[in-house]
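The sequence and structure are shown first.

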Amino acid sequence: MNEHDRAEHTENSTPRVPSQVGPATEGTDLAAILEAWHAATVRLEQTHEALQAEVRRLTAELEKKNRELARKDRLADLGRMAAHIAHELRNSLVPVSLYVSLLKRRVTNAESREIIGKIEQAVQAAQSVLNDILQFAADRELQETLFELKPWLIDITKEIELQAVSQKVHIKVEVPELLLAWADRDLLRRVIINLLLNALDAMPGGGELTVRAAAAGRDLLISVADTGPGLSEEALQHAFEPFFTTKANGTGLGLAIVEHLIQLHGGTITVQNGTHGGAVFDIHLPNRCIVPTQMGKRAA
């Protein structure tokens with residue numbers, strides 16, 4: 001270090017005496033400190049508000065999850081109790097049905113046969129309700145097979161063709177060729193039949209019923225849409241809850257069973273009103289779709 005450097009070093013290393021800072025400099029520093037303090041305060045307030053908002057969101061989400069968990073627990077308890085009662089009642093109805101059938105064969109009087117026929121219908125209706133309850137509570141293992149979706153859906157729609165024609169309801173099936181599904185055919189058929197019959201009930205004066213299916217990667221998407229009046233806000237919120245129904249003679253178990261069967265496949269079902277009216281049921285089945293390529297290879 002030469003003389004010049006030592007002199008410069010000595011000058012720079014000499015502490016500044018406060019009395020050497022002028023009033024203008026003090027004012028500038030104080031303003032900068034206050035500005036920095038204000039900015040830090042604003043940032044803290046923003047962070048605090050953001051944290052409060054996040055806490056509110058998480059609290060609401062937790063409450064929603066707790067309500068859903070409590071609802072599932074109640075439904076599980078209800079299902080077990082309902083299954084036990086339904087099983088006992090169905091067993092009791094077996095001899096009633098048998099003796100009504102025997103009585104109908106022995107009676108020749110037309111008026112008496114008509115009364116017996118009404119008893120027989122009532123017993124069958126009760127058995128149908130009990131079977132619905134048992135299906136809802138059943139914890140069944142899936143019997144999965146691979147099948148082509150389009151002909152399978154067309155066959156299902158033929159099962160309701162007569163009723164649809166009588167109601168002047170036109171049915172459309174829009175499914176790509178060679179779309180394969182990996183699912184329990186019988187359980188999934190019950191889902192589709194239930195949705196189709198609900199759609200027919202919603203269109204007593206005619207309309208259009210559309211069944212669509214498509215692949216989204218490996219996921220299978222199925223929708224059933226009608227052109228009926230659609231669902232009320234209350235029905236949209238509670239459509240899949242057991243024993244909720246808007247029908248005079250409904251049990252309120254149909255859509256609950258549908259949701260249960262879809263959940264057995266690891267999927268979900270939602271309902272909304274269509275943009276042009278009617279109700280639209282959307283089924284999402286993850287990893288249930290196989291689309292063969294044009295070369296015959298499966299893009300699974």
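## Basis of the description

Two strands are said to pair if DSSP finds at least two bridges between them. Helices (H or I, at least four residues) and strands (E, at least two) are DSSP runs, numbered from the N terminus. The model is predicted, and local features need pLDDT of at least 70, side-chain atom pairs count only at pLDDT 80 or more, and totals for chains, interfaces and linings use all residues. Residues are numbered from 1 along each chain as its sequence is written, and side-chain values use heavy atoms, with hydrogens and water left out.

## Strand 7 and its partners

Strand 7 runs antiparallel to strand 6 (residues 268-273), and six bridges join them. The hairpin of these strands has five residues between them, and there G277 takes a positive phi near 100°. Strand 5 (residues 219-226) also pairs with strand 7 in the antiparallel sense, over six bridges.

Buried means under 20% relative accessible area, exposed over 50%, and partly exposed in between (1.4 Å probe, protein chains only). Five of the seven residues of strand 7 (residues 279-285) are buried, so this strand is largely enclosed by the rest of the structure.

## Residue V280

V280 lies in strand 7 and counts as buried because its relative accessibility is 17%. Opposite V280 stands A225, and Q272 is also a bridge partner of V280.

Contact means heavy atoms within 4.5 Å. Leaving aside residues up to four places away in sequence, V280 touches V224, A225, T270, V271, Q272 and G274. The C-alpha atoms of V280 and D226 are separated by 6.7 Å, although these residues are 54 residues apart along the chain.
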